[in-house]
Amino acid sequence: MNPKDQISAARLWAAYSYPYLASALFALRVVPDEKVDQIAGDEYFRVYINYDSASDWPVDVLGVELIHQVGHLLRGHASRAREIELRTSDLYRWVDAMDAELNDDLLDGHALPKGSASPEELGLPESLFGEEYFYRGTTRTATQRDCGSSAHGNPRPWDQPPPRQRKDGVTAEEKELIRQRVASDALAHHRNHGSTPAGMLRWANSLLTPQVDWRSELGAKLRQGIAEITGAVDYSYQRPNRRQSVASRVILPNLRAPAPEVSIVLDTSASMNEELLADALSEIDGLLSTGGVRFESVRVFTCDSEAGFPQKVRKASDIQLIGGGGTDLSQGILAAVQTRPSPDLLLVVTDGGTLWPESPPRRTRTVAVLVGEDPPNTPDWLERIVVKESVNRNRDWAAK
Ligand SMILES: [Zn+2]
């Protein structure tokens, strides 16, 4: 088979095996180049192939390489490398980490691209993000693989200048369209056949579901809640006005802005994701203090199938997580609103697998802080915020 036919056959094999990748596979421009060791890609959907060394590759081996290149492009590995300001000395380690992310998504029975790293080789489980493999994985020393600037953004000697015409490569705009298309095809494929690999599905979902960072959403809700309560300036008769003594028998009201009473009901049933729970609590802690509410004055009710005693703690990490049974948070909510003074704002932190009261507590604004990727529905009367793995996790790792 001549090289061109061989590439066409490989592309067809790849599109047949991974139909949701077809629009990306057919956007690839193949450029023969002898400077390339075997095969490498750039950021413009160009794949440089050394025909001499790749000529004896079986169709499926070449097909997997094309799928692999498409993976680097769709997942934006080059821009992710720029985001963490990848050092040239870390380049091969980065390629290994990105390859491990991609190799998760090959179907059973398909060989990994030659010399590419698997999660196992980096000493970590499957289905992690590339950045996790990069920061936490072990370094391979025996083998190195350079997939090209498609994987790390560092220009290679064979890279051609950015394309001026469509036939020379894919522009940034077109790249975005291809990514959207593949993402929706991957979801549709999963609906119809249920066989889109998990990592691919996660990528497609995150691309197509615009994610508002839960931190800013939670911040907005809490600030709004606190402002409404403290802003409700109240002519209170509780503390007599100091002019009382000169006025005769009429009790004069005193103007005061009440400090909001905030309580938290915390789901401590066995199913909670502890890492996200800790994230959510420390965020709540920080937000309340910037909103003028000291965490010490917040009552925390742990609850599984029964409510625990209210705890007052100095910071979120001091909360004793008592529980571990089944879940009925309506008990915790009842305990919280029956404690005097009753809360103005009640945060219910849970994974959502619980019974809820049928009607909202009177006089208490209640917000469900739902921890986990895909929490169940909540009653209409309940405000909700979903706390899930942040889209900016990459940066968190980079900072460590
Ligand atoms: Zn690669």
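At roughly what angle do the axes of helix α1 and helix α4 cross?

## Basis of the model

The model is predicted, so that local features need pLDDT of at least 70 and side-chain atom pairs count only at pLDDT 80 or more, while totals for chains, interfaces and linings use all residues. Residues are numbered from 1 along each chain as its sequence is written.

## The α1 and α4 pair

The axes of α1 (residues 3–17) and α4 (residues 59–74) cross at roughly 70 degrees and come within 8 Å; axes are lines fitted to C-alpha atoms, for helices over the stretch in contact, with angles from 0 to 180 degrees between N-to-C directions. The two helices are therefore roughly perpendicular (65 to 115 degrees).

On the α1 side the contact involves Q6, I7, A9, A10, R11, W13 and A14, and on the α4 side V59, D60, L62, G63, L66 and I67, where contact requires C-beta atoms, placed from the backbone, within 7 Å.

## The open sheet

Six strands form an open sheet with mixed pairing, in the order β8-β7-β6-β9-β10-β11; strands (E, at least two residues) and helices (H or I, at least four) are DSSP runs numbered from the N terminus, and two strands pair if DSSP finds at least two bridges between them. Because β8 (311–312) and β11 (383–387) each have a single partner strand, one side of each lacks a neighbour in the sheet.

Strand β7 (residues 299–303) runs antiparallel to β8 and is joined to β8 by 2 bridges, with V300 having Q311 as its bridge partner in β8. Helix α13 (residues 329–338) packs on the sheet, touching β6 (262–267), β7 and β9 (345–350), and its direction makes about 155 degrees with that of β7.

Conventions:
Angles under 35 degrees count as roughly parallel, over 145 as roughly antiparallel, 65 to 115 as roughly perpendicular and the rest as oblique. Two residues are in contact if their C-beta atoms, placed from the backbone, lie within 7 Å.
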